[in-house]
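User: I would like to learn how to read the features of this model. Please take me through them one at a time.

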Amino acid sequence: MKKVKLPYGIPDYNLTEIVREIPNAEPPALPVNSKLKVIGKRVKRTDALAKVTGTAVFTADVYLPGMLYGKMFRADIPHARIKSIDVSAAKAHPGVFAIHIFKEMIEGANPKENNKKSGYPEVKYAGQPIVGVAAISMDIAEEAVNLIRVEYEPLEFVVDMDDARKPEAPLVYQTNVNQETSSGGEDIEEGLKSRGNVRGPATKSFYGGPRGNLKKGFAEADVIIERTYRTQVQTHCPLETHGVVVDYNRGNVTIYASTQSTKGTRNDFAKTFDLPKSKVRVISEFIGGGFGAKHTLGNFGVMAGHLSKQSGRPVKLMLDRKEEHVSAGNRPNSLQLMKVGAKKDGTLTALKLLSYGTAGVGLGSGVGNIAQAMYECPNFKMDQYDVFTNAGPGAAFRAPGNVQGAFALEQLIDELAERLDVDPLQLREKIDKSTIRKVQRERGTQLMNWKKPKKAGSDPGPVKKGIGVAQAHWPRFVNLDSTVEVRVMQDGAVEVRSAVQDIGTGTKTVLAQVVAEELGLKSADITVLIGDTLFPIGPPSGGSVVTGSITPPARNAAHKVKTKLIDLAAGELDTKAENIVVENSWFISKSDRSKKISFKNLAGKLRVEQITETASRSDDYGGFMIGTVGYEELGAVQFAEVSVDTETGFVKVDRIMAVHSCGRPINISQIESQINGGVIMGIAYALYEDRVMDKNTGHQMNPNLDQYKMPFSFEVPEIQIELIEEYGARSSTDATGIGEPANIATAAAVANAVYNAIGVRMTEIPITPARILAALGKI
Amino acid sequence: MNKFSWYEATSKVEAQREANSTVSETIQPDADPEAAVFKASGIDLLDLMKEGLSKPAKLVSIRNIPGMDEVSYNKEKGLRLGANVTLAGITANPQIKKNYLALHQAASHAATPPIRNMATLAGNLVQRTHCWYFRSKELVCFRKGSSTCFAHVGENENHAIMSYGYCVSIHSSSLAIALTAFDAIVEITDKNGKIKLVPMKEFFVLPSVDRTRETILKPAELITAVILPEPKTHTVSYYIKMGSRRSQDWPMAEVAVVAGLSGEKCKTANVVLGAAAPVPFISKAAIDAITGKTINETTATAAGEAAMQIAVPLSKNGYKIPVFKTIIKRAILSLGKPPENVIDWALPDRIH
């Protein structure tokens, strides 16, 4: 171990240095960004040209020789036992090469009870896949699917969460069920019991369980507020739907997958088909979005595997937009009952959370840990229940739970501030121990020219303007299974290899930047090859872990390569390694700067064609933060300005100010892109998106992008981003992610702004014109 | 989507010889498996086919028939818009913007720029309802031959508030709202080449009259033009659409108002509501409330109130009533000077 001094704190606020004891193999401390050449700059995406010119190959673009097209027959009723399946006509259809009937489902919570009666899985939601067909064209596959006949014994069903909670509701599952958490990080507590369709309560997160004594806490309170909040089901809507191309090739499998985890897809496939991991290769060079729903192989991936194995040909199976909506994941809805107690000075004395949510036939509908972890409150308790319904399984979705949780908590705190007659930022100053958010509030206050909000609803005229603020909390997760290989070749070429996939946020570019910085090169000099399990395994794109997990081993591997090159340079320049400095692609003798050799020429002196170094993510410097409430996690503060037409109920977001930090920023442009995306998604969640299920038929009524409302350009307001550099001295790059924090606070900020505009709390989203008009008593 | 054959028609006669069915007929349970239907831009038809609702055996393209996208003006007959004029073409036409503002506004707020570049006037009129039960492949609703209107007891937030029978779907054409307000005439060429002139208000069919279709068109009948009568002096108009989004969305409520003014006094008026009923709804109550009156906040408000007197909302669309009251009032007031301090729904010119 060695001791190093690392930058610590926030520039222009409290930047200092801290001494950490770290392993000897770790590279020297990286100075703050202002002293660096490539890291922290607006570097253009390495794949920008490929993407805008359409040469980037996504899974949907993969065509292999002899490839077949897969299509699945899906249940058209929401709950049934399958009596018989007749695939004879489909099998006889010219052009059909393989047909596979599912023996079991791998998505959702699946007890063995499914298989008892007929041998076929029970249909638990409309759109559940039953049979798959592979044919020489998509048309023929669809025709064959239309020839399949399934005889059902229909069962009673329930798709509405409130109905499903009633004692007389039809049961989705007959027994207690469990489900593994995906690498997307949705909270699922193991072993909980169900009563009817209600499973739980889950009472703890990785931050622990209840604290203190609620009764005592509420007894000490001067003010108590109790409110109920509701959020809707939101579907992920990645532009590239879920899908794979599987080439089974007699057990030497290659899979092209639109996945957030090449490793997870490989491991799922190897397990399902009982193959060694070495026989399964997963390739995912470009991904058209995932947002948490693409962590596993999925039923479609299993189906494509069976069809390819059976036919001996590669099979492509991409979901269509409707399949994507009904079966490929969603953000569960929530009903949150919150109660807060506070002293007159704002000090929180007690906070209670009771929540219900439905992830359809799946688990993971909790509302996260934001109420538990954002504010200091000695007495806290949460009870979170999952409610089963006959709808497609939920999936991790950009800050699972915390987006729902923030919508409730941040409105409750806003209301508390109003009750105590203090500025909502002042109240947070009192109860929020996070230094990062303190700085973010200060910056935001200046940039917004923020003053205590006017009296709610006090604007004259039909259109009323309002301002609001809300905060975000997200843990600093790290995935240690993150390995990078750096190669230097005799012609001076530098290559970075990792199985980590780029979900679209720019992972390739940050890897190029970090390696370029370490080797004294430009990011354009670095070739980054990722998204292939032939390379060292990388982290899943979930939990905002990628940049924080993969950049330290990239730098460490580059550092190892550099050490070797310095040794080589020392020999060439006839000096000692300690006397060599690397600058702008030159290796220079410090004592005699006329003695130098270029990177390219030095590489030419290598004894072998290429040198390769590999590094894995080491433990966080100074110990991991996860596990205790630390208040120094990934915070954010967002401000919203809205206009509300009180005669039509129409809400327009005029401006969002998003103040964020993500440790050491690696690529400012890419970080801003992610924040823009998070804010837009948050606005959509606040105002537009809503999966509409028909209670009477069990079908989703808007499984398309026409009636399922995503925001378009006119819905996007002016988004201003203020990014705060913040050093925690936790790794060799000290970077963290931004994907999830960017999405957490927006809906609550918009809701608080709407309250300030109209004077009525909107406790349910999406905030539609119908809800505004109802809240104003106009219906 | 089913396989189909394609016929590229070069004349109306040729097209009419090839077509033997209507798109609406192909959606019915007794659809002819050999159905051949007209296709202009195919915006709605291809949607219906992709959703598995319509399976025609043959598409007869009328898109490239010479002359069908012509616009001509005649002092006596008014403005004649060829059936294949695109929504973008309507939006860009300066004469329409000057004399028939509400039509310009309706066209420019429909769908998206790429769709407006493709979509034709006639195709817009004959598109089928976007009721999501009707559009669901799994559900056989009243309009598709069953005895059930799912929307009646289901998710009816987008549905009708007036003039419905058992089916509560709403008609989806925004152009029809403006054209009805202008007393436009649909020029239909029948199978024998005979031209019929049908007032817009008689073109649409209520589901209580015939649930299988939304227009009077019979197989092989072709809309060849829509004729807008010459505007009288001092005729002004205005159209307002309210959707949940400002672009690329269907209306929750829409209104077109056309009025003949004498000073501030309204001498003649037409008020037509969209997204309110299964067909464009002419609000006689609103018309009566302003005809012969001075246009001001009081009369405009009264027109909105009067129009909604007969509304019978469903379980989830009561919100449409205050929205209609507001947009009717605002559209009427906008005949003079548009009201200030409302959220601007006008889209910048550049995206037209």
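User: How many bridges join β22(A) to strand β23 of chain A?

Analyst: Start with the terms. Helices (H or I, at least four residues) and strands (E, at least two) are DSSP runs, numbered from the N terminus. Two strands pair if DSSP finds at least two bridges between them. Here 5 bridges join β22(A) to β23 (residues 526-530) of chain A, and the two run parallel. Within this pairing, Glu495(A) stands opposite Thr527(A) of β23(A).

User: What kind of model is this, and how are residues and chains labelled?

Analyst: It is a predicted model, in which local features need pLDDT of at least 70, side-chain atom pairs count only at pLDDT 80 or more, and totals for chains, interfaces and linings use all residues. Residues are numbered from 1 along each chain as its sequence is written, while chains are lettered from A and ligands numbered from 1 in the order in which they are written.

User: What pLDDT does chain B have?

Analyst: pLDDT is the predictor's confidence in each residue, from 0 to 100. Chain B has a mean of 94, with 95% of its residues at 70 or more. Over residues 347-352 of chain B the pLDDT is below 50. For the complex, the predictor gives an ipTM of 0.96 and a pTM of 0.97.

User: In which sense does β21 of chain A pair with β22(A)?

Analyst: Antiparallel, over 4 bridges; β21(A) covers residues 483-489. Val488(A) stands opposite Val494(A) in β22(A). The hairpin has 4 residues between the strands, and Gly492(A) takes a positive phi near 90 degrees there.

User: Is β22(A) mostly covered or mostly open?

Analyst: Count neighbours. A residue is buried if 20 or more other C-beta atoms lie within 10 Å of its own, exposed if 12 or fewer, and partly exposed in between, with C-beta atoms placed from the backbone. β22(A), residues 494-498, is mostly covered: 4 of its 5 residues are buried.

User: What span should helix α10 of chain A have?

Analyst: The expected span is 1.5 Å times one less than the number of residues. α10(A), residues 402-419, has 18 residues and should span 26 Å; its end C-alpha atoms are 25 Å apart, which agrees. Of those 18 residues, 16 are buried. Asp421(A) follows the helix with a positive phi near 55 degrees.

User: Why is Leu705(A) called partly exposed?

Analyst: Because 14 other C-beta atoms lie within 10 Å of Leu705(A). Leu705(A) is in the loop between α16 (668-687) and β30 (718-724) of chain A. Two residues are in contact if their C-beta atoms, placed from the backbone, lie within 7 Å. Leaving aside neighbours within four places in sequence, Leu705(A) is in contact with Cys237(A), Arg321(A) and Met710(A).

User: How many residues does each chain give to the contact?

Analyst: Chain A gives 33 residues and chain B gives 25. On the side of chain A that touches chain B, β28 (634-645), β29 (650-661) and α19 (769-775) each give two or more residues. α19(A) gives the most, with 4 residues.

User: In what order do the strands of the open sheet with β24 of chain A lie?

Analyst: The order is β24-β25-β26 in chain A, with antiparallel pairing. β24 (580-583) and β26 (596-598) of chain A are the edge strands, and each pairs on one side only. β24(A) and β25(A), residues 586-589, share 4 bridges. Val581(A) has Ile588(A) as its bridge partner in β25(A).
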